[in-house]
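Thanks for coming, everyone. I'll take you through one complex, piece by piece. Please look at the sequence and the structure first.

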Amino acid sequence: MKFPGKGLLDGVFVTVRNFVGSYFEKDRLVTVQYPEERVSLPENSRAFPFLVYDGTPDKMRCTGCRICEVECPPQCIYIVMDRDEKGKPLQRPKIFDIDISVCMQCQICVEVCPFDSIKMDNDYEKSRYGRFDELMVHLPDLLKSNEYYHKIKPAEATAVDAKLKAAAEKKAKKLVSPAPPATGTTPKTA
Amino acid sequence: METLYQLLISIKTDPSVGRWLGFAPDWGLRAVAIVVSVVLILAVFLTLFAFLTWVERKTLGRIQNRLGPNRVGPIGLFQPIADGLKILLKEDIIPRGADALCHFLAPVLFLTVSLMLFAVLPIGRGLIAVDLNIGILFVFAVGAASVLALFMGGWASRNKFSLLGAMRSVAQIVSYEVPTVLAAVVVLMAVSAAGKQGVGSLSTVSIVEAQAGGQMNASGWFIFQPWGLVGFILFFIGTLAESARTPFDLPEAESEIVAGYHTEYSGFKFALFQMGEYLVMIAMSGFTVTMFLGGYLGPGVDMPRIGWLLSIFWFLAKLSIMIFLVILARGTWPRVRVDQLMGFAWKLLLPMALVNIVAFGFWFYLGSGARGWFASATVLVVAFALLTRGGASTRLGKRTYRYSN
Amino acid sequence: MNTAFWIISIITVLGAVLAVTLRNLVHCLLSLVVCFFGIAAHYFLLRAEFLGAAQILIYIGAVAVLILFAIMLTRHVTGTEGPRELGGKWWMGASTAGIIGVLLLWCIRREALTAVLPPGDKMQGLVAVIGKALVSEWVVPFEALAVLLTAALVGAVVIALEETVHKR
Amino acid sequence: MSIPLSYYLVLSAILFAIGLCGALTRKNAIIVLMAIEIMFNAAILNLIVFWHYRFGCSVTPQMFAIFAIAIAAAESTVGLALVIAVYRHYRSVDVDEMRALKG
């Protein structure tokens with residue numbers, strides 16, 4: 001049956017159904033009470049970048065090559081390469097800062113990194129009380145272990161490990177006659 | 001107030017407890033009665049207002065399958081206190097070029113006018129601040145006066161959005177007052193029909209008492225008659241329009257004119273405007289209950305000792321239902337356009353209100369029994385069908401713009 | 001009672017004076033509303049409640065709003081007037097008004113009017129009496145009034161619409 | 001204790017004189033109309049005052065007041081419509097500028 005004003009009444013029935021239903025059907029309420037309950041994020045969710053090290057923090061994969069600094073669209077990365085007394089580069093960063101107030105979580109740094117060193121973390125709770133210094137993350141805080149990487153993104157980390165291992169084996173085969181390289185910064189697959 | 005005064009007088013003249021009040025003069029007791037009733041009204045309805053903001057947000061949340069405020073206090077009950085504190089701490093800004101005096105006076109005047117409505121609202125049996133013999137007329141007079149307070153605020157802000165909102169609100173309230181008053185006329189006619197020798201009254205208490213009797217004190221409510229139902233709907237729509245609630249919140253349509261007449265208000269003055277709007281809403285819902293839903297009547301109000309307590313309970317219960325309907329309307333219907341607003345008032349509501357009076361005549365002269373019931377229902381249904389042309393006018397035509405084309 | 005009379009009278013006269021002397025049209029209107037409110041209060045004081053409510057409903061709810069729309073339609077929204085707000089030969093008008101005022105006051109000096117009179121006997125249930133009278137004894141003037149109001153409504157619409165039809 | 005009748009009459013006379021003064025001196029047509037409304041109100045106040053003091057048992061003065069209020073409302077409606085029509089024509093509401101009988 002159709003009569004003038006039926007649309008208005010239909011609307012009322014819809015809202016009343018929602019109102020009453022929200023008290024009886026639990027799956028209607030999609031609100032998550034955030035600090036107490038959390039949604040488990042998908043594995044490939046991403047928040048801010050971090051640096052992977054193998055074993056101990058001094059064996060970081062990063063070589064301080066500054067590719068990510070150059071590629072970063074909002075230019076939130078600042079890197080100074082470490083050098084010894086004679087000015088020879090040590091293939092590791094002395095300063096590695098990421099301004100997470102500027103970072104837009106685009107993952108381009110991860111894409112361009114040739115050493116699989118910089119990866120996306122999924123820890124999004126980065127709010128701080130200050131606007132400037134507190135939001136500048138320095139090298140010690142950026143470094144996370146490979147185990148942590150395995151924990152947050154198992155599939156991706158396994159793939160990366162396999163790739164690095166293959167690369168190392170290839171390199172080892174190629175350099176079978178000369179002595180193995182003495183540099184400690186070569187990624188270990190351990 | 002009168003009940004309280006009589007109570008004080010009876011205590012004074014009572015020999016056993018009279019020595020406590022014996023020294024007090026009668027005018028002193030009257031002053032005490034006035035002050036107590038005013039303070040009671042302020043306390044009850046301002047608390048109700050604070051609570052209502054929470055209820056509204058909760059209800060709207062549930063309608064949208066959300067939880068609503070639930071952080072401050074148990075299930076968010078202290079949210080109004082937090083809101084109040086926040087708004088009190090805000091800076092009070094008077095725009096440069098604004099008319100400072102009018103800008104200051106407008107919210108005060110608006111709140112005063114809204115509070116005046118509660119003076120004639122019967123909350124329970126014998127519980128009314130002043131039983132004016134012009135009761136309902138007083139309500140409409142006060143409602144008419146509130147328009148100017150809104151205009152004052154909008155004009156004094158010297159902001160085009162404020163002025164637009166103020167003019168919209170003036171036009172809207174003036175337009176919707178006509179069908180609202182006419183819907184009330186039917187009630188007054190019914191009161192006159194129920195009174196002895198056809199003597200009617202405008203007093204709100206007599207309107208309630210005219211609906212007394214019948215089963216459980218409920219079958220005499222005007223809403224159960226066809227003209228009463230139509231009058232209720234018309235009055236309810238008028239209430240929504242006069243308190244500028246969705247779907248008639250054009251005076252403060254945020255998507256068009258920022259916030260309407262209180263765009264330039266902040267801090268405490270803004271709070272006064274909000275308070276006034278909610279109080280108008282509560283009061284008008286209360287008058288709807290008074291006029292169509294039997295006011296404080298309900299099962300058990302005639303009982304000797306606890307009757308008045310039950311009457312308060314029934315009034316508040318009905319008031320809550322009305323307020324829930326208002327919130328439901330806000331949660332359901334989208335805002336109308338300005339031309340729809342005016343067309344709705346003048347082309348549908350006004351003729352329906354006039355037909356409603358005729359329908360009451362049918363009901364009255366056909367013996368106010370089942371025959372009259374069906375006759376007036378038929379008149380109303382036919383009139384509604386004719387006015388809406390069988391639903392043809394619900395399909396909106398293409399809008400033509402007079403100046404831009 | 002006395003105090004109320006004096007307070008309300010002062011407010012009423014002040015509102016009237018401001019309404020005809022202020023430069024800003026909207027301020028004039030608001031003062032006029034104050035004056036109307038004062039007169040409505042006087043009606044309540046004189047036990048004519050129905051008239052008081054009608055005064056607020058009609059003068060403040062309708063006439064003042066109408067004037068408001070007229071101001072908004074004819075002036076800039078700020079409501080300010082031009083530099084010269086008094087008409088030519090204003091002193092003649094002012095003195096005429098003054099003379100008439102003095103004449104009125106002189107009339108009131110008469111003995112019969114200055115005597116302290118007791119208020120007349122008030123009818124019980126006045127609103128009901130007025131309602132009854134309107135539809136019985138006074139029904140013809142009442143209907144004539146309805147016709148007049150309709151005619152005024154139609155006339156006002158016709159007058160205000162006329163030129164827009166011809167122009168654009 | 002009650003107010004003498006003449007006090008109200010004086011109040012009404014003062015209001016009337018103020019209204020007259022405004023109507024005769026101001027040149028804005030809207031203010032002239034407002035002044036006329038003040039004069040109307042003064043007259044109606046007189047009716048009610050005489051009802052209160054002299055004719056308390058009769059309903060006629062109140063009727064007169066009601067009719068006067070209604071007619072004043074009709075008058076102001078037409079008056080303001082005229083003001084708007086004149087404004088459309090002259091682009092002004094100055095009563096001194098409305099001299100021509102021809103439109």
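Contact here means that the C-beta atoms of two residues, placed from the backbone, lie within 7 Å. Nonpolar covers Ala, Val, Leu, Ile, Met, Phe, Trp, Tyr, Cys and Pro; charged covers Asp, Glu, Lys and Arg; the others, Gly among them, count as polar.

A word on what you are seeing. This is a predicted model, where local features need pLDDT of at least 70 and side-chain atom pairs count only at pLDDT 80 or more, while totals for chains, interfaces and linings use all residues. Residues are numbered from 1 along each chain as its sequence is written, and chains are lettered from A and ligands numbered from 1 in the order in which they are written.

What is chain B built from? It has 14 helices and 0 strands. Helices are DSSP runs of H or I of at least four residues, strands are runs of E of at least two, and both are numbered from the N terminus. Of the 405 residues of chain B, 47% are buried. Buried means 20 or more other C-beta atoms within 10 Å of the residue's own; exposed means 12 or fewer, and partly exposed is in between, with C-beta atoms placed from the backbone.

**Between chains**

Chain B also meets chain A, with 13 residues from chain B and 14 residues from chain A. On the chain B side, α3 (26-63) and α12 (307-332) each give two or more residues. That side divides into 4 nonpolar, 7 polar and 2 charged residues.

Now chains C and D. Here 74 residues of chain C are in contact with 69 residues of chain D. The chain C side has 52 nonpolar, 15 polar and 7 charged residues.

**Cores**

The largest nonpolar core has 199 residues, and those touching the most other members are C:Leu29, C:Ala64, C:Ile67, D:Ile30 and D:Ile48. A nonpolar core is a set of buried Ala, Val, Leu, Ile, Met, Phe, Trp, Tyr and Cys residues joined through C-beta atoms within 7 Å. Helix α2 (residues 29-53) of chain D gives the most to this core, 18 residues. Beyond its neighbours within four places in sequence, D:Ile48 contacts residues including C:Tyr43, C:Leu46 and D:Pro61.

**A sheet in chain A**

In chain A, 3 strands form an open antiparallel sheet, in the order β2-β3-β5. Strands pair if DSSP finds at least two bridges between them. Why is one side of β2 (77-83) and of β5 (136-137) left without a neighbour in the sheet? Because both stand at the edges, each with a single partner strand. β2(A) pairs with strand β3 (residues 89-99) over 6 bridges.

**Confidence**

Finally, the predictor gives the complex an ipTM of 0.75 and a pTM of 0.80. Chain D averages a pLDDT of 82; pLDDT is the predictor's confidence in each residue, from 0 to 100.
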